Amino acid sequence: MHGRPRKSSSDGGSQEKDMAKAAGLQSLQTQFFKNHHEKIYTKEALQLNAKLLEINPDIYTAWNYRKLAIKQLLESESESASIKQSLDEELRVVERALKRNLTSYGAWHHRKWVINMGYSSLDHEFQLLDQLLKADSRNFNAWNYRRFVADMKKSRDEDELKFTTKKINENFSNYSAWHNRSAILSHMLKNKYGGISAKEQEMTEEYELVRQALFTDTEDQSGWFYHLWLLGQKIAPIGPKLEMSWPCNGSQLVIDFNEQSHAYVSDFDTPFGTDHCMFSEGIPLVLHFSEPVKGVNASTVSVNSLLLQSESLVWRPISPHGLQAKTWVTLLKLPSTNFRAGETYTVQIRVADTLGIILLNGYNFACPTALNFSLDIHTMTIRSTGGNFETVPLAWEADFFFPLAIDENKFPIELHLDSLSIDGSGNQENTRWQQETLDREIKVCRELLEIEMDSKWAKLTLARLLIAQDMLSGGSILRNKRMHTDEVLQLFNDLIEIDPSHAEYYKDQFSLILLDKVSSGKQNLQEYLWDSKGTGSLSNGERNKWLRLHGLSLSRLGSLEQLLWVQRLDISHNRLQSIDGLEALQLLGCLNLSHNLLANFTALGPLRQIKTLRALNIADNKIGAHTVNSTRFSFPSALNNSSISNADTTRDADEENLEISWEITIAFKGLHLRQLDIAGNPANDEKCRRLLMKTLPSLKWLDGTSVN
């Protein structure tokens with residue numbers, strides 16, 4: 001544990017002696033299991049069991065056998081002295097077993113079971129623990145048992161804290177002692193300190209202690225993990241909240257409504273001005289929470305308007321994982337009557353006014369939120385917003401794009417986006433305390449880097465501190481500039497170089513910070529907004545506005561709650577192996593995922609949640625190079641993907657490869673794609689193309705070729 005390999009339990013000696021020991025152990029086990037099955041709990045049987053456990057204390061069945069035997073024995077005992085004598089013998093059996101293996105879970109658990117009887121001396125247990133921790137001061141089982149005994153004895157937290165201080169001062173690299181200290185302090189902070197000042201004094205002393213460890217050895221992880229835990233006690237994010245919605249709070253949608261077809265064309269504000277989108281089934285209302293929730297329905301979310309009745313709305317979680325999701329959507333359908341063209345109607349939404357929205361931990365969502373937007377209603381013959389794909393396919397090439405000219409005086413999306421990760425508007429004293437802590441610890445990390453410029457722990461902690469400081473002092477992502485983003489990006493770049501074993505983690509963090517920067521304001525976002533020349537039937541000659549995040553070396557997607565307005569997205573030429581989270585973009589119609597690292601069709605699963613998707617480019621990925629294990633999908637079960645039935649692939653199972661058939665079904669079943677590009681993938685053969693055309697009956701263009 002912690003880089004210390006378990007020592008061999010072999011005493012050495014000749015091969016003959018080892019074979020004799022093995023034979024003896026086998027004989028003991030055979031006799032023990034015979035006694036166990038026949039429920040023989042005699043004194044001789046217990047002695048044989050004890051001998052077996054002295055040789056191999058990791059046989060859980062042997063410990064459970066002793067529990068059954070002791071329970072039967074105690075049922076026949078009435079005198080406390082006799083009961084105590086029997087239980088003391090159990091403690092001696094455990095001690096002999098621990099001499100063989102100090103980390104035996106079964107032995108420690110059995111000792112807890114005996115102590116819980118209430119007949120044993122807790123002072124003796126502390127004496128034993130002192131001896132064991134002298135032998136191995138980092139034995140996490142012993143530390144865990146010490147917390148158990150201290151709780152049984154009602155020991156003072158301050159006394160236990162002093163003991164951990166002693167052990168840490170003996171060895172700053174004692175991870176188990178640091179962990180025990182965090183457990184004790186958590187209890188103290190929760191129950192013993194009523195005000196900020198008392199906590200502040202205690203935590204300041206903790207920072208001073210851990211600083212000694214950090215400056216002693218900048219690369220020892222024990223102190224850094226404790227330092228990270230300390231920061232979490234002060235700089236913690238606020239509770240779950242509603243992060244974003246579409247339509248945005250305070251926005252206006254211009255709705256062209258065709259009474260005959262019940263179709264809608266909406267003009268709405270975006271960062272590049274006004275855009276429009278056709279909705280054939282209704283106008284989507286999207287709510288994005290900071291954490292997955294369940295229980296979003298007409299009772300917990302009220303939608304009030306002269307046009308709408310919230311009781312008729314059905315909310316759908318945008319998630320492949322059942323009823324819990326960060327993103328929820330419903331469709332607003334205008335009635336065929338009861339509205340007047342040319343009128344503006346306000347839609348008021350209140351979230352969590354009543355209990356019922358539940359978090360993953362089972363608690364109620366307790367952040368009531370109100371928002372509103374307006375609908376400006378017109379009636380007309382529906383204008384085209386996407387063509388019929390009957391002429392030529394959409395062009396993906398870079399030559400068909402040019403930078404989008406944006407009116408500097410109009411950037412309406414800034415008025416509506418507000419996403420806080422840390423609450424800076426609460427208790428002023430607490431906020432001051434947080435800010436002072438961040439400033440001080442940032443200074444410490446910078447001092448450490450002056451001593452050891454390539455310390456990975458100092459760089460990683462500095463990056464996390466700078467991110468927290470930006471969130472704490474910046475407030476809204478879009479109204480305030482992130483002051484340290486460029487430095488944080490450079491720190492993660494440095495970490496990729498100096499710590500290649502964790503390079504993928506650092507690349508993911510780099511991607512998340514970069515996407516946060518891109519979506520954090522007008523100046524940053526404008527660089528990535530492009531116009532297309534209108535080539536292809538998707539545009540029908542109209543200009544189409546794109547968000548192009550291509551060629552950024554992204555390995556992970558994030559900050560997607562800031563992009564709910566996006567209809568056309570280019571994230572090609574990156575390093576994406578997963579597109580989890582992309583399902584939040586419920587307006588998305590065109591998506592370019594070409595030249596990434598997607599390994600199979602199942603990686604496209606999130607796209608099934610986007611009903612508006614019409615054009616998809618997944619060319620030049622790794623699809624087909626690494627297939628998935630499809631056996632878990634082969635039989636109907638409550639544990640299988642509930643949204644797909646076996647019947648979806650049965651018709652192809654005999655004539656096509658079942659595995660690739662399942663992959664395509666999981667990725668595309670239920671989508672209404674009109675254009676798909678898959679060239680350059682290992683899976684792109686005639687068999688695959690036939691399966692795609694069967695699964696996507698609406699498809700008109702496949703790799704630029706018209707589908708009959």
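The legends below describe close-up views of a predicted model.

**View 1. Overall fold of the protein chain, with 19 helices and 20 strands.**
The protein chain has 708 residues, and 50% of them count as buried. Its accessible surface comes to about 33600 Å². Carbon and sulfur atoms account for 49% of that surface. Take the contacts between residues at least 6 apart in sequence: 68% of these join residues at least 24 apart.

**View 2. Helix α5 (residues 105–115), largely enclosed by the rest of the structure.**
Eight of the eleven residues of α5 are buried, so the helix is largely enclosed. The buried residues include two tryptophans, Trp108 and Trp113. Gly106, Ala107, Val114 and Ile115 are also among them. His110 and Arg111 complete the buried set. The packing partners of these buried residues are α3 (60–75), α4 (80–100), α6 (122–135) and α7 (140–153).

**View 3. The salt bridge between Arg96 and Glu89.**
The two side chains meet at 3.6 Å, N to O. Arg96 counts as partly exposed because its relative accessibility is 29%. Glu89 is partly exposed too, with a relative accessible area of 31%.

**View 4. The salt bridge between Asp353 and Arg350.**
The closest N and O atoms of this pair are 2.4 Å apart. Asp353 has a relative accessible area of 44%, so it is partly exposed. Arg350, at 38% relative accessibility, also counts as partly exposed. The count of salt bridges comes to 26.

**View 5. The salt bridge between Glu487 and Arg446.**
The side chains of Glu487 and Arg446 meet at 2.7 Å, N to O. This pair links distant parts of the chain. Glu487 lies in helix α14 (residues 485–498) and Arg446 in helix α12, 41 residues apart. Glu487 is partly exposed, with a relative accessible area of 27%. Arg446 is partly exposed as well, with a relative accessible area of 33%.

**View 6. A salt-bridge network of Glu54, Glu89, Arg92 and Arg96.**
Salt bridges that share partners join these four residues into one network.

**View 7. A patch of negative charge on the surface.**
Asp217, Glu219, Glu452 and Asp454 gather here. Glu452 sits in the loop between α12 (428–451) and α13 (456–474). With 37% relative accessibility, Glu452 counts as partly exposed.

**View 8. The cis peptide bond between Trp246 and Pro247.**
Pro247 is placed in the loop between β1 (242–246) and β2 (252–258).

**View 9. Lys39, a residue with positive phi that is not a glycine.**
Phi of Lys39 is about 55 degrees. Lys39 belongs to the loop between α1 (15–37) and α2 (43–55). Its relative accessibility is 63%, so Lys39 counts as exposed.

**View 10. Asp620, with a positive phi in a residue other than glycine.**
Phi of Asp620 is near 60 degrees. The loop between β17 (615–617) and α17 (647–653) holds Asp620. At 34% relative accessibility, Asp620 counts as partly exposed.

How values were computed:
Residues are numbered from 1 along each chain as its sequence is written. This is a predicted model: local features need pLDDT of at least 70, side-chain atom pairs count only at pLDDT 80 or more; totals for chains, interfaces and linings use all residues. Side-chain values use heavy atoms; hydrogens and water are left out. Patches are made of residues with over 30% relative accessible area and no salt bridge: like charges are joined within 9 Å, nonpolar side chains (Val, Leu, Ile, Met, Phe, Trp, Tyr) within 5 Å. Accessible areas come from the Shrake-Rupley method with a 1.4 Å probe; for residues, only the protein chains shown count as cover. Lys and Arg count as positive and Asp and Glu as negative; His and the chain ends are not counted. The place of a charge is taken as NZ of Lys, CZ of Arg, CG of Asp or CD of Glu. Helices (H or I, at least four residues) and strands (E, at least two) are DSSP runs, numbered from the N terminus. Buried means under 20% relative accessible area, exposed over 50%, partly exposed in between (1.4 Å probe, protein chains only). Contact means heavy atoms within 4.5 Å.
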